[in-house]
Amino acid sequence: MQLKAGSGICENFHYVSNLIESGTIMTSDGDHSHDHTHASELSDVQVRVRSLETVLSEKGYIDPAALDAIVEGYETRIGPHNGAKVVARAWSDPAFRVALLEDATAAVNDMGNVSPVGSHLIAIENTPAQHHMVVCTLCSCYPWEVLGLPPTWYKSAPYRSRAVIEPRKVLSEFGVTLSEKTEIRVWDSTAETRFMVVPMRPAGTEGWNEVKLAALVTRNSMVGTGLALKPEDVA
Amino acid sequence: MTNSIHDMGGMHGFGPVEEEENEPVFHTAWESRVYAMNRAMGPLRLWTIDEGRAAQEALPPSVYVSASYYQRWLLGLERRIQERGIAGADELEAGRSLRSGERPNRIFTPADAEELTRGSFERDAPAPPRFSAGDHVRTLNINPQTHTRLPRYARDKVGKIEAIRGCHVYPDSVANGAGEDPQWLYTVVFPGQVLWGEDSDQSVKISIEAFEPYLIKE
C-alpha cells in the first residue's frame with residue numbers, strides 16, 4: 001500500500017512512532033506485564049483506545065454497553081470449558097463422536113449445554129498413530145466459540161513461525177513427547193474453517209461421567225500442544 | 001500485501017514459544033475494549049474480515065513484529081475508520097467527534113452479545129468442484145501485491161486433496177473490494193519433506209486450507 005499524505009495512514013504511522021518512542025509498543029507479544037509501567041497516568045495506548053471508543057460512540061457506531069456485554073461473554077460463558085464438554089461427550093457417546101467428526105458445528109449445536117457455534121467447525125481426533133496440532137501462520141484464526149480467545153503464545157511469532165517447520169520441537173517445549181512413530185499432522189488455519197483437536201482419552205478413566213472427564217481436557221490438548229490430563233493429575 | 005511479515009510459517013529466529021501460566025482472557029482493560037470494538041463493528045458490514053486482515057498486513061514489518069496483538073488490532077481499526085471516512089485523524093487525536101456524519105441504521109446491541117457466533121462464509125457454488133479427495137495438486141507460484149491466503153511456504157508444492165470444505169468467500173477477491181467471488185475450498189496435505197526438504201522430519205505432514213484458484217492438477 002502506498003503512503004499518501006492526507007489519507008489518514010501517515011497520521012496513523014505518526015501515532016505508531018509515538019507508541020514506539022514512548023515504550024508503549026513492546027518488543028514481544030508476550031511482554032504485556034510492562035504495558036503500563038512507564039506511564040505516570042494513562043499510557044498512550046489507553047488514551048488512544050478511549051478516544052476511539054468515545055468517537056465511535058458519539059458518532060453512533062458502537063454502544064459501550066454492547067462492548068461490556070462482549071467482554072463479559074468471553075470472560076465468563078465462552079471459553080475452553082465448552083470445548084472440554086464437547087470432548088467429554090465424544091469420549092462417552094460413540095454416536096456423538098461420529099457426528100462430531102462428521103460435522104462439528106451441527107453436533108456441538110445439538111448438545112444444548114454449550115454456547116452456540118457458527119460456521120465452520122471441524123473436529124479432528126488424535127490416535128496413537130496420528131497427533132494433530134493447529135496453528136494459524138498468517139494471523140490468529142482459532143475456534144473462539146469452543147475454546148474462547150487464543151492465548152498469547154498461539155498468536156506469537158515463535159509459534160506461528162515454528163509450528164509448521166519443527167512441530168516436534170515445539171511440542172517438546174510444551175512438555176509433549178510423542179513416539180517417533182506417531183505422525184504429526186499440523187493444520188494451518190488459512191481459511192474460515194476452524195479446527196479443534198479431540199485428544200485421546202487417558203487410561204484409567206473407565207466409568208467416569210462427562211463432568212469428571214471434562215476436567216481432564218485442557219485448552220492446549222484441544223489445540224494439540226498438550227495431552228489430556230491423567231487421572232492422577234487431578235486427584 | 002502478501003509477501004509481508006505476517007506470513008510467518010517456517011521463519012527462523014523468533015525464539016522459544018513461551019507459555020504464560022494462568023493467562024487471563026485480557027491482560028488489560030484496553031485490550032478488552034479493542035477486541036470488543038472490533039467485534040461490534042464487524043456486523044455493520046463496513047468492511048469484510050479479509051479487509052480487516054489486509055489492514056494489519058499492511059503495517060510496516062517493524063511495527064507488525066514489535067506491536068502486541070491487540071495493538072495491531074487497534075492500529076488496523078483506526079486505519080479502517082479513517083479510510084472509510086467514519087472519523088478523521090483529528091477526531092481520534094481530539095478524543096471526540098468534531099463533525100456530524102451519517103449514522104448506521106442498526107448497531108451491535110447488548111442483546112446481540114448474548115450469542116457471539118461466527119457468520120458463515122459459505123456461499124452457493126457457481127460450478128462443481130474441479131478436484132476430488134485423493135487428487136494430487138500443485139499450488140501456484142504466485143506473489144501478488146494484494147491479499148492472499150496462500151502462504152509462501154506452500155507455493156509451487158505438490159500435495160494431496162484430503163477433503164472438500166464447501167464453497168467459500170474468496171479472500172483474494174473480497175479483500176480488494178472485488179466482490180465475494182465464491183470458490184471451492186480444500187484441505188490440501190503436504191509431506192514435511194515436500195515443504196522443508198529431504199532432511200526434515202519424515203513423520204510430519206502439514207495441511208493448508210486452499211482455495212481452488214490456488215491449485216492446478218498435478
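These legends describe close-up views of a predicted model.

**View 1. The largest nonpolar core.** This core has 75 residues. A:Val87, A:Val186 and A:Met196 are the residues with the most contacts inside it. Helix α4 of chain A, residues 80-92, gives the most to this core, namely six residues.

**View 2. The surroundings of A:Met196.** Leaving out residues up to four places away in sequence, A:Met196 touches A:Gly83, A:Ala104, A:Leu121, A:Ala123, A:Pro143, A:Val146, A:Leu147 and A:Met222.

**View 3. A second, separate core.** This core has 36 residues. Among them are A:Val45 and A:Ala69 from chain A, together with B:Leu77 and B:Ile81 from chain B.

**View 4. The two domains of chain B.** Domain 1 covers residues 29-114, and domain 2 covers residues 136-217. The centres of the two domains, taken over C-alpha atoms, are separated by 29 Å. Domain 1 of chain B brings six residues to the contact, and domain 2 of chain B brings four residues. On the domain 1 side, the touching residues are one nonpolar, one polar and four charged.

**View 5. An open sheet of seven strands.** The strand order is β2(A)-β3(A)-β4(B)-β3(B)-β2(B)-β1(B)-β5(B), and the pairing is mixed. The edge strands, β2 (130-135) of chain A and β5 (215-217) of chain B, each pair on one side only. On average, neighbouring strands of this sheet are turned by 35° against each other, direction ignored.

**View 6. A strand pair in chain B.** Strand β2 of chain B, residues 158-168, pairs with strand β3 of chain B, residues 183-191. The pairing is antiparallel and runs over six bridges. B:Lys160 has B:Val189 as its bridge partner in β3(B).

Conventions:
Residues are numbered from 1 along each chain as its sequence is written. Chains are lettered from A and ligands numbered from 1 in the order in which they are written. This is a predicted model: local features need pLDDT of at least 70, side-chain atom pairs count only at pLDDT 80 or more; totals for chains, interfaces and linings use all residues. A nonpolar core is a set of buried Ala, Val, Leu, Ile, Met, Phe, Trp, Tyr and Cys residues joined through C-beta atoms within 7 Å. A residue is buried if 20 or more other C-beta atoms lie within 10 Å of its own, exposed if 12 or fewer, and partly exposed in between; C-beta atoms are placed from the backbone. Helices (H or I, at least four residues) and strands (E, at least two) are DSSP runs, numbered from the N terminus. Two residues are in contact if their C-beta atoms, placed from the backbone, lie within 7 Å. Domain bounds come from an automatic or database domain assignment. Ala, Val, Leu, Ile, Met, Phe, Trp, Tyr, Cys and Pro count as nonpolar, Asp, Glu, Lys and Arg as charged, and the others, Gly among them, as polar. Two strands pair if DSSP finds at least two bridges between them. Axes are lines fitted to C-alpha atoms, for helices over the stretch in contact, and angles run from 0 to 180 degrees between N-to-C directions.
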